[in-house]
Amino acid sequence: MPVYRLAPIDIRVNDEKWAASNLKEAVWVEAADELAARHSVEAATLKMVDFRPGQKLIFSPWLDDVVTSCQVDVDVSAPPAGQLITGSGKAIKI
């Protein structure tokens, strides 16, 4: 399976969607396709956000291709099964 690199898009790092993630750096994850990669990172980094009536729902930035990039990275080894690796080298269980 390919390894995907997902990363914040610099001009969107202050987007309100980042409130729904506990991670705001590049990550690598092995996945069948881009959608599976995005969902894996979302699952591993999801942070609950308070909701108030009249306020729009905030979804994970990792699902939004305007806020985060996602591309196959052929220059890296696959992370351990069931984990993603962050840009700072931290392993996070999916």
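Which residue in E3 stands opposite Arg 5? In this predicted model, local features need pLDDT of at least 70, side-chain atom pairs count only at pLDDT 80 or more, and totals for chains, interfaces and linings use all residues. Residues are numbered from 1 along each chain as its sequence is written, and side-chain values use heavy atoms, with hydrogens and water left out.

The residue opposite Arg 5 is Gln 71 in E3. Strand E1 (residues 3–8) pairs with E3 in the antiparallel sense over five bridges. Helices (H or I, at least four residues) and strands (E, at least two) are DSSP runs, numbered from the N terminus. Two strands pair if DSSP finds at least two bridges between them.

Five strands form an open sheet in the order E3-E1-E2-E4-E5, with antiparallel pairing. Its edge strands are E3 (68–72) and E5 (91–93), each of which pairs on one side only.

Thr 86 belongs to strand E4 (residues 83–86). Thr 86 is buried, at 2% relative accessible area. Buried means under 20%, exposed over 50% and partly exposed in between (1.4 Å probe, protein chains only). Leaving aside residues up to four places away in sequence, Thr 86 touches Leu 23, Glu 25, Ala 26, Val 27, Trp 28 and Ile 92. Contact means heavy atoms within 4.5 Å.

Phe 59 lies in the loop between helix H1 (34–45) and E3. Phe 59 counts as exposed because its relative accessibility is 52%.
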